[in-house]
Amino acid sequence: MASYKPVVVQSFPKLGEKITQDTLYWKNYKTPVQIKEFGAVNKIDFSPIPPHNYAVTASSRIHIYGRYSQEPIKTFSRFKDAAYCATYRDDGRLLVAGSEEGVVRLFDISGRAALRQFDGHTKAVHVVDFLSDKYRIFSGADDYTSKLWDIPSATEIVSYSEHTDYVRCGCTSKLNTDLFVTGSYDHTVKVFDVRTEKSVMTVEHGQPVESVVLFPSGGLLVSAGGRYVKVWDILKGGQLLVSLKNHHKTVTCLCLSSSGQRLLSGSLDRHVKVYSTTSYKVVHSFDYAASILSLALAPEDETIVVGMTNGVLNVRHRKHEESKERFPKKKRPGYRTFVKGRNYMPKQEDFFVSKPVRSHLKKYDKLLKSFQVSKALDVVLEARNRTPEITVAVMQELNRRGTLKNALAGRDETQLSILLAFLIRYVVEPRFAPMLIKVAEMIIDIYLPVVGQSAVIDKQFLRLQEIIEKEIDYQAELLEVLGMMDALFATMTRKKATSLEENKTHGILRVPEQATSN
C-alpha cells in the first residue's frame, strides 16, 4: 500500500508592508500599558518641563500621571460635574480646566484647591488654554462665546460671540502673545487677535470642527472635523493647502510630533494616522481597540498616550537600546564545529548510511488519511481567520477525491453558520474565488430544501448573495473602464505616414527620380 501524501497547501505571494524610516521609527514602541479611567478620556496634556508628567481629564476628575506610573500621583476632583480640557502652562506650574457647570478653574500643581475660579459662561466650557504671555487664559463654551481672562485679577478681559454653535476646540500661538484660534460646530474656524474687537480671519471647514492645531511657525493651521483633516495657510489669508480624507469616521483629535515634521490624527474609526508634513501622505498607522477621543505625544516622542471612549488610557513607551549587555555571553562552540564534514563528498568505496526522517502529519491530514472527511473540514474551519489557505487546500483535496459534497452535507446550524461565515469573508478574494464559488453552489444545492428554518442561516445566505452581486457589479464596472481605456489607447497610437505624404513638401508633390528618367 502506498504511503499517504500530505495535502499540498498552495503558497500565495503576500504584499508586504514597505519598510521605511517612519515604519522603523513609529514601530519602536513597547507593548502598550492599559490604564482604566472613570469615564471617556477627553483630553491628555504633557507637562512641558521634566519629568514630563501628563494630565488626563476624564469624568469629573483630573489625574496626573508620572511618565512610567500606572497609578495617578495626584488628583484634582473639585468638580460637581464633568471636567474638560485640563491644560498645562508653559512653565508646568499651573493647570487650567473647564467644566460642565460653565466654570473655568485654575490649579497649582503643588496644591489641590483651585487658585482662581472664572465665572461668566452660561454653559459647559469644553476648551481652555494659556496665552503665551502666561498671564491670560482663553476659553470656549457651549454658549457660543469665547472669552479672555486675566489671571492676577480673575476678571474677564473681552468676550467674542461670533460663533453660531458650540465652541469645542481651540489653541494659542506660541509666537504671538495676542493670538488664539477657536473651532466650532458651526463648521468654522476663527482666528482672534485680542487687540481687536472681532476675529481677524475665518475659514470654512465644512463639517463640525473637533480639533485645531497651529504649527510651531504660526504660519499653518490644521483643522479636523467629520472625516476630513484640512491644512490652511494663514499667511495667505486662510488659503486651503490640502484636504486629507484617510479616516472613515469622525476625526476627533490632532497632535504634532516634537520635530513638527509629522502630524497625528485620531478618529472614532479606532485608528491613529501619521502624516508627513511635507507630502501630507500617511507614513504610518496605529490600531486601537476602541474609538479615540484624545491623543498626546511626550517631548522627543518618548511616549504616545491615547484616550478612548471606553475609558481606557493606552500608553506606549519608546524602546531604548542598552549600550551594555546585562549578562556576558557564554562561550559557545565555534562555527567550524557545526559545519565540520557537511561538505564531504562520499567516495566510491564508502557506505552511505542515511538517517530516517520521521514525518509528522497535521491533524487534518490524519483525518483525511482515515477518510473522516467531514471532521477534517471542521478542523480547518476552526482556524479560518488565521490560515484560509489551508482551509481552501483541504476543500480542493476533497473535491479531487470526489467527497466534497459528502463533507458539506449533514451539518447542524452552528457548523453551517461557521462554513457560511468563511465563505462570506473570502469568496470574493481572487486567490480563493474559483474553489469557494464551487463550494457555495454545492451548499445551496444541499440546503435549499431547509431554507427558512433558521433566521441566522437565512441572514447569512442573504449576506452571501449581496456580496456576490456587489462583486459582479464591480467586475462589470471594471470591464467598462477597460473598454474605455482600450478606446483611448487606440486613438493615441500614431498613424503611419504613407509614401505619398512623405514625398510632399509645401504642398508640391515630388516625383521620384526613377520615374523622371523613364
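## Exercises on a predicted model

This is a predicted model, and its chain averages a pLDDT of 87, with 90% of the residues scoring at least 70.

**Exercise 1.** Work out how helices H4 and H5 are oriented, and which residues make their contact.

*Solution.* Take the geometry to begin with: H4 (residues 373-382) and H5 (residues 388-401) pack at an angle of about 165°, their axes 9 Å apart. Angles over 145 degrees count as roughly antiparallel, so H4 is roughly antiparallel to H5. The crossing of the two helices is left-handed. Now list the contact: H4 supplies Val-373, Leu-377, Val-380 and Leu-381, while H5 supplies Ile-390, Thr-391, Val-394, Met-395 and Leu-398. Sorted by class, this contact has 8 nonpolar residues, 1 polar residue and no charged ones.

**Exercise 2.** Describe the sheet that contains E2, and identify its edge strands.

*Solution.* Write down the order: 4 strands, E2-E3-E4-E5, form an open sheet with antiparallel pairing. E2 (41-46) and E5 (74-76) each have a single partner strand, so they stand at the edges, with one side of each lacking a neighbour in the sheet. From one strand to the next, the twist averages 20°. Finally, zoom in on one pair: E2 and E3 (residues 54-58) are joined in the antiparallel sense over 5 bridges. Ile-44 has Val-56 in E3 as its bridge partner.

How values were computed
Residues are numbered from 1 along each chain as its sequence is written. This is a predicted model: local features need pLDDT of at least 70, side-chain atom pairs count only at pLDDT 80 or more; totals for chains, interfaces and linings use all residues. Side-chain values use heavy atoms; hydrogens and water are left out. Axes are lines fitted to C-alpha atoms, for helices over the stretch in contact, and angles run from 0 to 180 degrees between N-to-C directions. Angles under 35 degrees count as roughly parallel, over 145 as roughly antiparallel, 65 to 115 as roughly perpendicular and the rest as oblique. A crossing is left-handed if the near helix is turned anticlockwise from the far one by less than a right angle, and right-handed if clockwise. Contact means heavy atoms within 4.5 Å. Ala, Val, Leu, Ile, Met, Phe, Trp, Tyr, Cys and Pro count as nonpolar, Asp, Glu, Lys and Arg as charged, and the others, Gly among them, as polar. pLDDT is the predictor's confidence in each residue, from 0 to 100. Two strands pair if DSSP finds at least two bridges between them.
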